[in-house]
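Student: I'd like to learn how to read a few features of a protein structure. Could you walk me through one?

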Amino acid sequence: MKNKQFAESIIQHVGGKDNVISLVHCATRLRFVLKDDNKADAETLKKLAGVITVVQSGGQFQVVIGNNVADVYSDIMQLTNLNENNQPTLQSGKKSGIFSKLIDLVSGIFIPALAVLVAGGILKGLISLLQVINVIIPETPTYNFLFAIADAPFYYLPIILGFSAVKKFGGNPYVGMAIGGALVHPNIVGMMGGALELQTEFFSIPISLIPYASSVFPIILASWGYSILERAFNKILHDSFKKFISPLLSILITVPLTFAVIGPVVSMLSDLIASGIIFIYQLNPVIASMILAAGWQIMVIFGVHWGLVPFSMNNLALYHEDFMLPILLPAVFAQTGAALAVMLRSKDKQFKALASSSVLSGIFGVTEPAIYGVNLPLKKPFVIGCLSAAIGGAIVGYHHTVTYSFGMVSIFSFLQLIPIEGVDARFYAVVIATIISFAIATIVTYFFGIPKDKSQTDEIDNSYSNNMETENKTTIYSPMSGKVNLLSEVKDPTFASELMGKGIAIIPTVGQAVAPDNGEVVSLFRTKHAIGFQTESGAEILIHIGIDTVKLDGQHFEAHVEAGSKVKKGDLLVSFDIEAIKQAGFEVTTPIIITNSDSYQDIQCIFEQDNIQSGEALLALSQNKE
């Protein structure tokens, strides 16, 4: 229910569902293409609980959500009725520049395929590691099975990209798969016989046949051509049979044309692009690597970093290695190190919790929470992270480190840097470079990058009392007895990162949840493990008993109220069996969340002991100043 409300709020503030042309998502952000950006309220969205920031770049209105972006995306797709079959074409919508269209095109084609490509890349790295330590031997059945799993997404890349590209261009995506399949069909591969080029013919039309497995650009251009033909045939053919005849005619033209013209020409251009990139890199690998490493997170801010993806994949397709991805490791871990320094130094509980979750995300390659939530607002940590990345990038460039498979830059990327022959100096170079960038960013930020107001100890206002309720402050009382814990210590990233709102956690010692104040039970989940409560003063509170206890389907819980019940402070809401829940394998730690946290200037825990009794003052909510 909370996610649905969050999705509805986002739709409302991007101008409503009628203003949405298309939507895709990457690891952390929703990427809208809107009919009119002026109808979107970016400032209000930035203040919405759960939104990290908003970026307007590359022809897209990007709402940065964080790690739960896939769930929010799914809800928005349902609410807006956008689905696999009615995604708008690339030609629809407002006019935009060539660069904006390019970024929109690249993200729309590659992001949907990213998960399987990253999985395959990590597995390839793991296979290399297992070979190095002699756990598996090449050409054995175990090796062949593992290699088939890891290599399939790359060998059949034309099929994967054919689907997403035709879908993006506005045609039948399953025909795109068929076009990609024709390029890597066993008959075609068999004709090649391992050769790099074969002169043959099709109905006396000369064809220069080349390998298409793992290729990127030929299938994209072929998909574009097919989509144009399909739309043209749909306009001139009768409705009774165009559904089948349009794809038939279009594919009969597109596939031979791809083999005869598009493939060879695009492959030649791909070679030229790859050679040009490598030429620029080899002019001075150190300086080129420093610039890329230092500028990578700046590109992430504007969401244009996806522009490098096809070039990296093109390098891997042509040379079976790529120099760009290793350079980005220092960039990712430098920003993570800067966020770690903020976490270690800051005494602001909320900011410390945010930095803590950002560090964890950064280790796994998602730096947006660290950038937008921690480093960029403080300015100095972000700059220090970029400069530290440049130092690591220089080391990587000097040693010419390469990766052997594609993947998102994260801690798993080190596996993908291991050559089949075994660990070498280039591998050690990127490890050392990443450690150096991480260490420099952490140390320099710790001592010089954090403003005093974030490093000084919070002073608790001891003037609060259990019965205090003033014009500007509201007291929330504990709904249960138990041990008080920071929200950041809850073993659930949604709660720990405060995406649902600020609050506190209690490990209950008594299996009862009572009303934290006078008010109304707004919602009671069917499984009785979570209660939505609104106080008379307007505070909206979620009491979520246990972690993942929804899986118990109501067992060991008993509700004493129902949705809509008016209650007084201390009235029993739900009782539960603590020991039975623990024996079932679930934690009873209970997050108590102020879900409308944005309505308050500050939310503080005012209980200073470890153990609290139900009814004692727990949180103080400071009203926003008018």
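Student: Is Asp424 buried, partly exposed or exposed, and why?

Tutor: Bear in mind that this is a predicted model. Anything under 20% relative accessible area is called buried and anything over 50% exposed, with partly exposed in between. Asp424 has a relative accessible area of 25%, so it is partly exposed.

Student: Which residue forms a salt bridge with Asp424?

Tutor: For a salt bridge, look for a side-chain nitrogen of Lys or Arg within 4 Å of a carboxyl oxygen of Asp or Glu. Here the partner is Arg426, and the closest N and O atoms of the two are 3.8 Å apart. Arg426 is partly exposed too, because its relative accessible area is 27%.

Student: How many salt bridges turn up in the whole structure?

Tutor: A search finds 7. One of them joins Lys566 and Glu520 through their side chains, at 3.1 Å from N to O. That pair links distant parts of the chain, 46 residues apart: Lys566 belongs to strand S15 (residues 566-567), and Glu520 to strand S11 (residues 519-524).

Student: And how do Lys566 and Glu520 score for accessibility?

Tutor: Lys566 comes out at 66%, so it counts as exposed. Glu520, at 26%, counts as partly exposed.

Student: How far apart are the closest N and O atoms in the salt bridge of Lys242 and Asp239?

Tutor: They are 3.0 Å apart. Lys242 is partly exposed because its relative accessible area is 24%, while Asp239, at 58%, is exposed.

Student: Let's turn to helices. How far should helix H10 span, and how far apart are its end C-alpha atoms?

Tutor: Count 1.5 Å a residue. H10 has 20 residues (217-236), so it should span 28 Å, and its end C-alpha atoms are 30 Å apart, which agrees.

Student: Which residues of H10 are buried?

Tutor: First the general idea: an α-helix has 3.6 residues a turn, so residues three or four places apart point the same way. In H10, the buried residues include Ala222, Ser223, Tyr226, Ser227, Glu230 and Phe233. Phe217, Pro218, Ile219 and Ile220 are also among the buried residues of H10.

Student: How many disulfides does the structure hold?

Tutor: A disulfide is a covalent bond between the sulfur atoms of two cysteines. This structure holds 0 of them.

Student: Are Cys386 and Cys605 buried or exposed?

Tutor: Cys386 has 10% relative accessibility, so it counts as buried. Cys605 is buried as well, because its relative accessible area is 18%.

Terms used
Residues are numbered from 1 along each chain as its sequence is written. This is a predicted model: local features need pLDDT of at least 70, side-chain atom pairs count only at pLDDT 80 or more; totals for chains, interfaces and linings use all residues. Side-chain values use heavy atoms; hydrogens and water are left out. Helices (H or I, at least four residues) and strands (E, at least two) are DSSP runs, numbered from the N terminus. The expected span of a helix is 1.5 Å times one less than its number of residues. Buried means under 20% relative accessible area, exposed over 50%, partly exposed in between (1.4 Å probe, protein chains only). A disulfide is a pair of cysteine sulfur atoms within 2.5 Å.
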